[in-house]
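Here are my notes on this predicted model. Please read them with the structure open.

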Amino acid sequence: MNHTRAFAGIPEVFSGAEKSKVVLIPVPFDGTSTWQKGADKGPEAFLQASENMELYDIETDSEVYHEGIHLLPPLELSRDPEKMVLQVHDVVKTHIKKRKIVTLIGGEHSISIGAIRAFNECFDNISILQLDAHADLRKTYNGSAFNHACAMYEANEKGHLIQVGIRSMDKSEKGIMNEEQVFFAHEMAEDDYWMDNAIDLLKENVYITLDLDVFDPSIMPATGTPEPGGLLWYETLEFLRNVFSEKNVVGFDIVELCPDEHHKASDFLAAKLYYKMLSYKFEEPEEIEEELETAREKPNALGLDPEDFDNYER
């Protein structure tokens, strides 16, 4: 990738390192994946898709790129997963100390280990919010503690982890998992209040790690390990918007895009999702309140009954 490029082709005035509020770190690593290879090509596919994306967000009535998004060159990584984790940790921590909102695009899920470690070191009162099809709680896998199947083990043992969308795991992970902080996909399908309940468990500061296989393969087939029964687009956006509104999201990553050169929709979904998450991060609270006030006067505008507002409010 050409390191002089910008996310979504935004003008240089909005992509410079000094003034940008957001840093985007491409992490092209695929060293431990165990089925479909290609996650190392995810960042490039993501960036190419972003260059074909409209930059006005209808939902938030905003152009969030005006806040500044600085794209770093793709990290040059060791093939050793343990060394890779240390490299990611150091780069992320450096930019946190520069008071940037640090975001990453992977790459397989093992890249998140170093990022989460850096955020846990730099922020007090922080939760890790994992959206994923897989628990990723194994202590070791294939002889490594830094395998993508182990991506959340450290976060679970040393931090405060909330898991959403889980629908695939090994029996051994059940003894490690804090089931009171896990939202299984089959239970979410029958629980109208899972979003509120998940947000209630989060601390004030939140780091989001989003594995794209949390989505149903019908809308996101291009992942290394797709699982049926996943989340759909608008329910995921609703949940994320509520998280950004109610909590201080300090950073996030999007991982496990395994691009298919013949089908670009998944690449575009990943790029659009990233931009939506930034749009929610910088959305003004009063704008959300105005939307709610409109809905109170015209409840059907949001498809809600008037009595539902206590549940809807963020």
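1. Start with β7. Asn205, Tyr207, Thr209 and Asp211 point one way from this strand, while Val206, Ile208 and Leu210 point the other way. In a regular strand the side chains alternate between the two faces of the sheet. Are these β7 residues buried or exposed? Each of them is buried. Seven of seven residues in β7 are buried, so the strand counts as mostly covered.

2. Next, the sheet that holds β7. It is open and has eight strands, paired in parallel, in the order β2-β1-β3-β8-β7-β4-β5-β6. The edge strands are β2 (69-71) and β6 (182-184), each pairing on one side only. On average, neighbouring strands are turned by 15° against each other, direction ignored.

3. Both neighbours of β7 can be checked by bridges. β7 (residues 205-211) runs parallel to β8 (residues 248-255), and seven bridges join them. β4 and β7 also pair in the parallel sense, over six bridges.

4. Individual partners follow. Tyrosine 207 stands opposite glycine 251 in β8. Threonine 209 in β7 is the bridge partner of glutamine 130. Threonine 209 also has a bridge partner in β8, aspartate 253.

5. β7, α7 and β8 form a right-handed β-α-β unit. Helix α7 (residues 233-246) lies across β4 (126-131), β5 (161-166), β7 and β8. Its angle to β4 is about 175°.

Methods. Residues numbered from 1 in each chain as written. Predicted model: local features only at pLDDT ≥ 70, side-chain atom pairs only at ≥ 80, totals over all residues. Heavy atoms only, no water. Pairing = 2+ DSSP bridges. Helix = DSSP H or I, 4+ residues; strand = E, 2+ residues; numbered from the N terminus. Axes fitted to C-alpha atoms, helices over the stretch in contact; angles between N-to-C directions. Contact = heavy atoms within 4.5 Å. Buried < 20%, exposed > 50% of the residue type's maximum accessible area, 1.4 Å probe, protein only. Right-handed = clockwise from strand over helix to strand, strands pointing away.
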